[in-house]
Amino acid sequence: MSDAVSANIKSRAFTDRMFRRLFWPSLVSSIGLALGDIADALFVGIRLGKVGLATMSLVAPVYMIYNVLDVGIAVGTSVKYTQHLGKGDAKKGIEVFSQMLVFAIAVSLAVAAIGLIAMPYILRLLGAGEVNGELWNYTKEYLQIMFLGAPLTFLYFLLYYCVRCDDAQKLASAGFTIGYLTDVVASAVFIMGFKLDVRGAIYATVLGKFVGVCIFLFHFTREWAILRFRPFKPDVSLVIGVLKTGMSSSVGYIGQFIALIVVNNLLQNIGGESALAVLNVVQDVSYVALAIYMALGDTIQPLSGTFFAEHNRDAIKRTMGLGMKIGVACGAVIAAAFAFFAPSICTLFGLKGTAVSMGTFAIRLFCLSIIPAGISIIWSACFQAIKRERIVFLINQLRTFVCFLAFALVLSCFEIKWFWCTFLGAELLSLAIWVPVSLKTRKTASDKVFNYLLDTNSSDISDLMNKAEAFCEKYDATPMQNYCVVLCVEEICQAIIENAFEQQGDEYIQLTLCIENDGAFVIHIRDNAVSFNPFAMNMGQDYDDEEQLASLGVQMVKNKSKQFFYRRYANFNTLTVEV
């Protein structure tokens, strides 16, 4: 086996372990989200039948508008926060979080006020039927409480995404999952026990968000946490930059909002409440079926953002490879399971008679679209993390608006059973469009990057130093930059080996040296040792001569570098030094 191939395999020890560490908590969170999403419809359907499920279909477009804002702000903030930490600029990352926290609260209050004032117009737009009719009143009751709980919803998503990116995946997953499980349990109690009908569903949702926020806030009591709220000077350009990143994916919900309103009205005209009820069941099935892809997207996004900041293209490719393999394999199993149990699912949601056969056919057709949809979700997460927002925007607009609405309008002209081909047609057509566009517009990777895997069993620091120095000379580093890079490589790596490694094999240091646009040389170092921060080494007099010398070497690195940063991320030590 060649040295290059061996080094590539060993470097996967970092990528694969980081992927697994983020994936399992994300999967638990996604399953919790899916259960929370279907719980309301499940219990409302059992309690009220078709009219209850029709109500849940009507309020779905409002959630799309919510998601444009709350998810857009949350995702954009977490991506920027991750990128700044990946570059070693924790101060800027904290500033991003602080500004967007205040911005999110302000927007949520505005949404609540507008929603309550414009309620009659919203109900007419949604197609809630006759004024003060049964469907109208149920929808109104739900939306009133939903708007009052807007601040909790915005805060919930922002804290979840940012806490997750602050190396607190387990706490984020716990808060997210417990919040939605609270929603599930409370839905059963409020709807079935207290007979609150649709009001019980939204009361449970708001309660779940409150519980989740309380759990997320615990993260700010941890001493090691980087995420903090700090006073800031308002920066409009910062907010716009975050929104540009986050909205590239969430703005697709605007198209989905329009598409759902059109589809709701189409189905009400051609199939009545039964067709609306089947649509709601299919949507609830999609929440569970696509949960695996949402988890993969939540795993890929922070990892790709971190590796992108480090210019580690191989790690991004490896992350995407893992995501695609898991996604295709699991998607096939999930699709087969839902197709097989489709009749039972329809009955469980309270459908009866001909609605069961219609729902069974609709679910089975939807199952064919699961893998194509998953592929788009996975790649959208990666593109967002590597600053290809236009492709993310294209993917989401095609899937949820342009292609979906086009198929819905055409197929509604035929027998209603063919309408359910809309999901499959939209996913396949969007893939056929965005894949060629993404390949045509992809950016070529810069070759001004040096990677090295230091294996303490067989590698020599002197070899790493020589190659790093040659890289600096090749790209016209100043004498001071050249000196600082070599100094950092020698002192930091030596400090890690002597103080953190247990000398038991399978211990590696992954180093990436790159040149930023401003001409700065940035060194990224990741190791799989026990928790150890070289920059925190003491200068005390109780050290022996060798330890005193090592700490002095690290102190020289701190003095000569423009900035330095350490964090424990995904169970690895990660350091960034800019010279």
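Helix α20 (residues 479–499) lies across strands β1, β2, β3 and β5 (572–578), and runs at about 10° to β3. Keep in mind as you look around that this is a predicted model. Here is a short tour of the sheet, a helix pair and the confidence values.

- Five strands make up an open sheet, with the order β1-β2-β3-β5-β4 and antiparallel pairing.
- At the edges sit β1 (449–455) and β4 (563–569), each of which pairs on one side only.
- From one strand to the next, the twist averages 15°.
- Strands β2 (residues 508–515) and β3 (residues 521–527) run antiparallel and are joined by seven bridges.
- Look for L513, which stands opposite I523 in β3.

**The α2–α6 helix pair**
- Helix α2 (residues 50–86) and helix α6 (residues 150–164) have axes that come within 8 Å and cross at roughly 25°.
- Angles under 35 degrees count as roughly parallel, and α2 and α6 are therefore roughly parallel to each other.
- Their crossing is right-handed.
- Residues of α2 in this contact include Y66, L69 and Y81, while F154, F157 and Y161 are among those they meet in α6.
- By class, the contact of α2 with α6 has 13 nonpolar, three polar and one charged residues.

- The protein chain has a mean pLDDT of 88, with 94% of its residues at 70 or more.
- Among the elements of the chain, helix α3 (residues 90–117) has the highest mean pLDDT (96) and helix α21 (residues 545–560) the lowest (73).
- Over residues 540–544 the pLDDT is below 50, and this stretch has three contacts in the model beyond near neighbours in sequence.
- Where pLDDT is low, the predicted coordinates should not be read in detail.

Conventions
Residues numbered from 1 in each chain as written. Predicted model: local features only at pLDDT ≥ 70, side-chain atom pairs only at ≥ 80, totals over all residues. Heavy atoms only, no water. Axes fitted to C-alpha atoms, helices over the stretch in contact; angles between N-to-C directions. Helix = DSSP H or I, 4+ residues; strand = E, 2+ residues; numbered from the N terminus. Parallel < 35°, antiparallel > 145°, perpendicular 65-115°, else oblique. Left-handed = near helix turned anticlockwise from the far one by under 90°. Contact = heavy atoms within 4.5 Å. Nonpolar A, V, L, I, M, F, W, Y, C, P; charged D, E, K, R; others polar. pLDDT = per-residue confidence, 0-100. Pairing = 2+ DSSP bridges.
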